[in-house]
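Look over the sequence and the structure, then read on.

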Amino acid sequence: MKERNQVLPEFENQAEALSISVIEESIRRHVKYSLAKPWSDLSTNDLLSAVAFSVRDLLAERMLETEERYRAGDLKTLSYISIEFLIGQSLTNHLHNLRVFDQYRQALRNLGASLEDLERAEGDAALGNGGLGRLAACFLDSLATLGMPAYGYGINYEYGLFKQEIDGGYQQEKPENWPAQNSPWEIWRPEEACLVPVYGNIEHALDRDGGYNPMWMGWKVLIGVPYDVLVSGYGGRTVNSLRLFSARSSLDFDMRIFNDGDYFKAVEQKIASETISKVLYPSDAVIGGRELRLVQEYFLAACAVRDTVRRFERHHDNFSEFPDKVAIQLNDTHPALAVAELMRILVDEKELAWAEAWRITQATFGFTNHTLVPEALEKWPVPLLHYVIPRHLQIIYEINGRFLERVSIALPGDPGLLKRISLIEESKPQHVLMTNLAIVGSHSVNGVSEIHTGLVKTSLAPDFYKLWPERFNNKTNGITPRRWLLKANPHLAGLVSEAIGNGWITDLHQLRKLEGCVSDPQFRDAFRKAKTANKEELARIIYDTVRVKLDPTLLFDVQVKRIHEYKRQLLNVLHIVDEYLSLIEDGRQPAVPRAHIFAGKAAPGYWKAKQIIKLIHNVGRVINNDPKARDWIKVAFLPDYRVSLAERIFPAVDLGEQISTAGMEASGTSNMKMTLNGAITIGTLDGANIEILEEVGEENIFIFGHTAPELQDMRLRHTYKPRECYERNPRIKRIADTFKTGRFCEKEPGLFTWILGDLLNENDDYFHLADLPSYLEAQEKASAAYCDGDRWTTMSILNVARVGKFSSDWVVANYAREIWNLKSVESA
């Protein structure tokens, strides 16, 4: 079998030049000069820092070479703005991409250390929460691998979302501890700080020609201090950067207050300013949190646009060329204020005419929508916007007025249309609709799966689609194979490279060649052994973490994702309860023993989601401690779900649960990661599940449940009658009735009675009981398939072989060609 990091021919000289002795010397040098410590006093974290500095030296050299190639080619660049970048651990990812993994591992062995120990010691960067941030990280990886000029823009959160701990089955939120400004992966760039005006008021004045000239006066200043995180492409030739901004107060402003003698106010102002980049998604349940969240989103948009404009002006002075040299992509609505910010800069600072500024703005921006869930569609109260960013509110009103005027002339006779497409919701108080702002301000609007894009056109923004059908397009999400197979699953990655070569690492469609291995007995045996090794590793992690002992021969049935009602972890629990009751009350043993594995965080203020976590733990405690069940059913919840934990979970999955209510999951990427690692999906016709079905074939996936149109028809016609389903189906009634007993909450009577009420509610928008019979049937089919080991192995291999469409490299290449007009530096 080939080494999984065998050097590709085009990089042979580069990698050979980096000898093991040179690496050892680099690490020793950083211990001495960067850490100023004797070798004998090093902790594991100290050594991790020294190795990271050594790797950063390589990255910095390649980054400077990359920047020079971009400048020489005068290439169009992309600014990718996202409130989250869930990049995970960096060390081994860079080593794989630079193709020096084996060299560093051997150098550390020579120094008496272990690369594996350092990997375990490295924390995940606390810069994101879920799929949105992980997608952004995958895209940056692919942009660098494809040699495309791109810059990520985000916030340098000090604490991220939160660290999840479980106490008595309840989620507890603790500060997420990671070295935000002291990370060896971050390069401080204080000389490129951005000044961000905020608050103040508008003075209505006239210019020299008598035209209206609003003046934004009395504003305070925030300073966005950038920290660059280097992003390596596979092969190491291209290294781009992710620029993260930390919020700081204006030193001049603070010193004036300080010198006036109000010392406490000076310190208070500094603390308030720096709070902006402390935590991801501050709670907006109270007005103070809402204001902080708005300021945070504006801070990101303002810093990203200011920095993008500054990059452009280094080599260009004609802003009519701006869309030809810059593309800006909004990753959901959080950075949508960037539309108003670019207009402010062009009109107020660069003194462009409104029409020209708007042409430039629309031609520059692209917008990716990620959700149809109503509570996730952002809107901001007009009074709050007026207080925080009065000039931007004024610009938004002007955009809206001109837009509605054009539409009323082009499409007269439909007064309701103007209300539906307005950027301003006529509520009390008025609200600015950020999705509408992003759509109107962009030349491209895309969804992230075929079903999701269809619903964007027909449900979320049908009037906009009728106005501009050419702007709407689909770009199904994707994942980077470097992290999710090469790094996460070396057992399978090595086997694949041995069978078909390593071209799949940068062209995932080459996995199709594995179809020729389906009948090869040696390959099938090695494939099964790889899965078993991964399951043994995950079983060790689960036992070490939560003390639940799992036999690797069990079917590993896994649902790992954010806890939310529409993702339907509750539906999964209903199946587990059915299995348990059938076993202990009916004496019917499951067709196959299963381990039900969960992980995921609930938003701190989301009571029902946190109750579902408690339910999973209580059900698990009862089942795991029941002698009649413990050999047949196990339940484990792994706390603090994060990228590094996901890398351990996905390679071990047998059956991946993708069971969201049809029409509610925009895409999902855990389904892709599991499929890439040989898992079989059980899922609804939702998100990317539909396209996975099309790729792998209906015989290699378990699909159940109502379709999105069927559920929408139930909503509109009010035909969903869960109580009828409950009354006429004894099996479902027994499952549901469990929640009005104390079976799973003996010490907290009545804890889960709310679940029965929700299940029987005709307004249950997640249709649990509507889909439960079909779900139970699909689970029985999955059990039967798993009992047939040969059939399961064939299904698993074909899932891996047919996942090529879901590579983020392929997706990004489509964005670049169809939206950004971005070219690789290699092909320019």
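Q: Which residue forms a salt bridge with D117?
A: A salt bridge here is a side-chain nitrogen of Lys or Arg within 4 Å of a carboxyl oxygen of Asp or Glu. For D117, the closest N and O atoms of the pair are 2.4 Å apart. Both residues lie in helix α6 (residues 115-121), three residues apart, about one turn of the helix. The partner of D117 is R120.

Q: What kind of model is this, and from which number does each chain count?
A: This is a predicted model: local features need pLDDT of at least 70, side-chain atom pairs count only at pLDDT 80 or more, and totals for chains, interfaces and linings use all residues. Side-chain values use heavy atoms, with hydrogens and water left out, and residues are numbered along each chain as its sequence is written, from 1.

Q: Is R120 buried or exposed?
A: Buried means under 20% relative accessible area, exposed over 50%, and partly exposed in between (1.4 Å probe, protein chains only). D117 is partly exposed at 38%. R120 has a relative accessibility of 59%, so R120 counts as exposed.

Q: How many residues separate R29 and D57?
A: R29 and D57 form a salt bridge, with the closest N and O atoms 3.4 Å apart. The pair links distant parts of the chain: R29 is in helix α2 (residues 20-33), D57 in helix α3 (residues 44-73). Helices are DSSP runs of H or I with at least four residues, strands are runs of E with at least two, and both are numbered from the N terminus. R29 and D57 are 28 residues apart.

Q: What is the relative accessible area of D307?
A: D307 meets R310 in a salt bridge (2.7 Å, N to O). They are three residues apart in helix α10 (residues 287-313), so about one helical turn separates them. R310 is partly exposed at 24%. D307 is buried, with a relative accessible area of 0%.

Q: Which residues join D307 and R310 in one network?
A: The network is built from salt bridges that share partners. Besides D307 and R310, it holds R189, E192, D228, R243, R311 and R314.

Q: Which residue of β21 is the bridge partner of D557?
A: Strand β18 (residues 555-560) pairs with strand β21 (residues 655-658) in the parallel sense. Two bridges join them. The bridge partner of D557 is L655.

Q: At roughly what angle do the axes of α30 and α32 cross?
A: Axes are lines fitted to C-alpha atoms, for helices over the stretch in contact (heavy atoms within 4.5 Å). Angles run from 0 to 180 degrees between N-to-C directions. The axes of α30 (residues 730-737) and α32 (residues 768-787) come within 11 Å. They cross at roughly 105°.

Q: Which residues of α30 make the contact with α32?
A: On the α32 side, the contact uses L769, L772, P773, L776 and E780. On the α30 side, the residues are R731, I732 and I735.

Definitions and conventions. Two strands pair if DSSP finds at least two bridges between them.
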